[in-house]
Amino acid sequence: MQQPGQSDDAAILERARAGDADAFNALVRAHERPMYSLAYRLLGNADDAADAIQDAFVNAFRALRQFRGEEVRPWLFRIAVRCCYDQLRRRKRRREDSLEQTSGDDHWDPPSAPGEGPESNALRTETARAIQQALMELPIEHRTMVILCDVQGLSYEEAAEAASIELGTVKSRLSRARARLRDMLRARGELPSGSERLAET
Amino acid sequence: MLDTTSHLTEDQLSAHLDGQLPETETVLAATHLDACVTCRSAFSELQSTVGLLRALPELRPPRSFQVGAPPASVWSRLMQWDLGVRGLAAAAAALFVVMVSGDLHLLTSTSAPGALPAPTALSGAVAPRSAAAPARFSLTPSPVPTSGPAITAATPPAAAPPAPAQPAAAPPAAESARSQPAGDTAQIRAAESKATKDAATSASDPLGSIRSGTVLAGVSALGLGALAIVRARRRI
């Protein structure tokens with residue numbers, strides 16, 4: 001999916017590669033919201049998401065001279081996904097160190113009101129929270145796929161690059177993740193009932 | 001290949017939803033969905049699920065992730081941080097006064113022991129503030145003078161005018177900030193506005209021991225000079 005500002009990226013990218021920090025910061029400004037959203041949806045809490053994306057942008061800055069692609073977003077997302085996985089590992093280690101007993105790595109905090117943009121009205125807050133909670137119950141690999149493809153709108157190819165996996169794996173993980181989410185959301189009453197659906201069709 | 005009589009698999013439903021089935025399979029899937037209530041229901045729920053995911057709001061980060069780039073962006077940050085501007089203004093004024101009065105005293109062969117603490121206070125005031133770069137990481141690419149990046153998150157409201165007692169003192173602040181070594185990472189990591197506040201307080205103390213006429217003349221001259229330099233930089 002073409003994002004606004006995507007076409008401007010190439011020129012800014014050229015300047016950033018030449019070491020222009022202001023140009024790099026323009027890239028940061030253009031992509032920090034989707035990057036942070038991606039991390040939040042993956043990690044489920046604001047602190048971890050912010051730390052992961054801070055790391056991601058620093059890594060991106062360092063890797064900039066080696067980057068030869070033209071599309072910035074999949075490249076940034078790839079770095080972001082890696083940093084999110086690192087963050088998850090750190091979180092797990094912390095938890096093991098503190099002998100804290102929780103179920104898996106999937107604890108999550110709902111986004112606080114100030115963290116959400118004005119477009120949060122697009123979806124009822126309770127529905128958004130129910131979806132986030134359901135996302136956190138997916139295995140991380142499946143969660144990654146559904147967030148990249150459905151929440152962030154990446155193509156299968158872009159998602160494969162971002163998650164460093166094969167195209168076929170994208171399809172199968174995505175379909176399993178969607179099916180599981182559908183079952184969870186249905187159980188929570190977040191999907192239209194069968195009769196409503198049939199009435200629509 | 002699809003069998004039109006058996007139910008569609010989850011993989012097929014998912015791929016069909018994205019229009020990712022091969023052409024022949026797409027036709028067969030559509031035919032099956034027309035005929036099979038179970039698959040149609042599953043497909044419809046899948047569509048609703050994906051629709052909800054797509055409608056999830058984009059979240060605003062709690063802070064900006066822009067990288068610090070001293071010294072190019074220091075000035076713009078200073079302009080936005082009233083406290084920093086005031087602290088640096090006091091420090092810069094103090095330094096200037098010391099220099100000017102030192103010269104005067106050389107000419108008139110008198111001593112000014114009261115002014116001596118000022119340089120010490122200045123180095124304390126400027127060092128943490130030049131670290132206004134927010135990053136835990138110091139990145140030092142080749143500096144390019146442009147209007148610095150706007151700080152979006154965690155930035156106090158736009159700078160109020162400098163303290164009334166030092167009307168022309170804000171621009172010298174930038175001067176002295178720029179004169180600091182650019183890549184001093186140890187200083188850059190010490191960005192704490194508290195430090196600035198302390199330093200500003202201590203920096204303004206020596207002012208009281210300087211003759212007020214010298215202060216006004218010195219600060220005004222330096223202010224005008226710095227303003228000219230800053231404007232020239234902005235035009236680049």
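**Aromatic pairs and nonpolar cores**

Four aromatic pairs turn up over all chains, counting rings of Phe, Tyr and Trp (its six-membered ring) whose centres lie within 6.5 Å, with planes under 30 degrees apart called stacked, over 60 edge-to-face and the rest tilted. One of them is the tilted pair of A:Tyr36 and A:Tyr40, at 6.4 Å centre to centre with 40° between the planes. These two tyrosines sit about one helical turn apart, because they are four residues apart in helix H2 (residues 21–43) of chain A; helices here are DSSP runs of H or I, at least four residues, numbered from the N terminus. A:Tyr36 and A:Tyr40 are both buried, that is, under 20% relative accessible area (1.4 Å probe, protein chains only). The A:Phe67 and A:Trp75 pair counts as stacked, since the ring centres are 4.2 Å apart and the planes at 20°. Both A:Phe67 and A:Trp75 are buried too.

The model is predicted, so local features need pLDDT of at least 70 and side-chain atom pairs 80 or more, while totals for chains, interfaces and linings use all residues. Residues are numbered from 1 along each chain as written, chains are lettered from A and ligands numbered from 1 in written order, and side-chain values use heavy atoms, leaving out hydrogens and water.

On to the cores: a nonpolar core is a set of buried Ala, Val, Leu, Ile, Met, Phe, Trp, Tyr and Cys residues joined through side-chain atoms within 4.5 Å. The largest has 67 residues, and A:Phe24, A:Leu135, A:Val146 and A:Leu148 have the most contacts inside it. H2(A) supplies the largest share of this core, 11 residues. Another core, of 13 residues, lies apart from it and includes B:Leu33 and B:Cys36.

Key
Buried < 20%, exposed > 50% of the residue type's maximum accessible area, 1.4 Å probe, protein only.
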